[in-house]
Amino acid sequence: MERRERADAARNRQAILRAAEELLRLHPPEQVSVERVAAAAGVGKGTVFHRFGSRTGLMLELMSERARAFEQAFTEGLPPLGPGAEPVERLVAFFADLTVLAARNGNLVSAIEHARVTTKAHGEQPRQENPIYLSWHRHVSRLIAEGRPDVDAEQIAHMLLGTLHMEPIASQLRAGQHERLAAGFADLVRGLLR
């Protein structure tokens, strides 16, 4: 009987995440409430809260799922994104793929930001403490340090990653201009690691 409950929980989790993903594809983030997600997933609102804790938790888990595949590509995948290429080429590939990920998930990123702004929970994690951000920051810092041991790699990594949350950049991502942003990141990285 215990195995059946775990299978049901896993099925509910996937149904909730897929419902949230579909609703974000069709609607602005502020219209994607826990109630709508629960109804679309065929579960009760309490199930969503029990599983994810909050609307922000749900959106972060959906983003985490997408980010895990990206992390696997830059830690274990083929060069130039994965190991085996020079730091400059790995960074260029990282930011090119990151801008695609951000552009494809614009509504999800907006939903996370909207949930953070509107949440009443005070226990939400600051962006710079999020495991996804920490993983990306570690990777970018390490590559910068390899290519330029004379600079503050940790600070520069924060500056590069932080630009993705600036409104002019976020609006370009929402407009699908990820190629232009990737080219800009490539220029910055090549200038830095020249």
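**First stop: helices α5 and α7**

Helix α5 passes helix α7 in a left-handed crossing, a term for a near helix turned anticlockwise from the far one by less than a right angle, with right-handed used if clockwise. Helices here (H or I, at least four residues) and strands (E, at least two) are DSSP runs, numbered from the N terminus. The model is predicted: local features need pLDDT of at least 70 and side-chain atom pairs count only at pLDDT 80 or more, while totals for chains, interfaces and linings use all residues. Residues are numbered from 1 along each chain as its sequence is written, and side-chain values use heavy atoms, with hydrogens and water left out.

Select residues 87-104 for α5 and residues 131-147 for α7; the two pack at an angle of about 155°, with their axes 9 Å apart. Axes are lines fitted to C-alpha atoms, for helices over the stretch in contact, and angles run from 0 to 180 degrees between N-to-C directions. The angle therefore makes α5 roughly antiparallel to α7 (under 35 degrees counts as roughly parallel, over 145 as roughly antiparallel, 65 to 115 as roughly perpendicular and the rest as oblique).

Now show side chains. On α5 the contact (heavy atoms within 4.5 Å) is made by P87, R90, L91, F94, F95, L98 and L101, and on α7 by W136, H139, V140, R142, L143, I144, E146 and G147. By class, this contact has 10 nonpolar, two polar and three charged residues; Ala, Val, Leu, Ile, Met, Phe, Trp, Tyr, Cys and Pro count as nonpolar, Asp, Glu, Lys and Arg as charged, and the others, Gly among them, as polar.

Which residues have the most contacts inside the largest nonpolar core? They are L58, F94, F95, L98, W136 and I144, in a core of 54 residues. A nonpolar core is a set of buried Ala, Val, Leu, Ile, Met, Phe, Trp, Tyr and Cys residues joined through side-chain atoms within 4.5 Å. Helix α5 gives the most to this core, with nine residues.

Centre on W136: leaving aside neighbours within four places in sequence, W136 is in contact with M63, A67, F70, F74, F94, L98, L101 and L161.

Then select T99, also in α5. T99 counts as buried, at 0% relative accessibility (buried means under 20% relative accessible area, exposed over 50%, partly exposed in between; 1.4 Å probe, protein chains only). Not counting residues up to four places away in sequence, T99 touches L173, H178, L181, A182 and F185.

Move to N107 in helix α6, residues 106-118. With a relative accessible area of 30%, N107 is partly exposed. N107 and R174 are 67 residues apart in sequence, yet 7.8 Å apart in space, C-alpha to C-alpha.

**Last view: the whole chain**

Finally, show everything. The protein chain has 10 helices and zero strands, and of its 194 residues, 40% count as buried.
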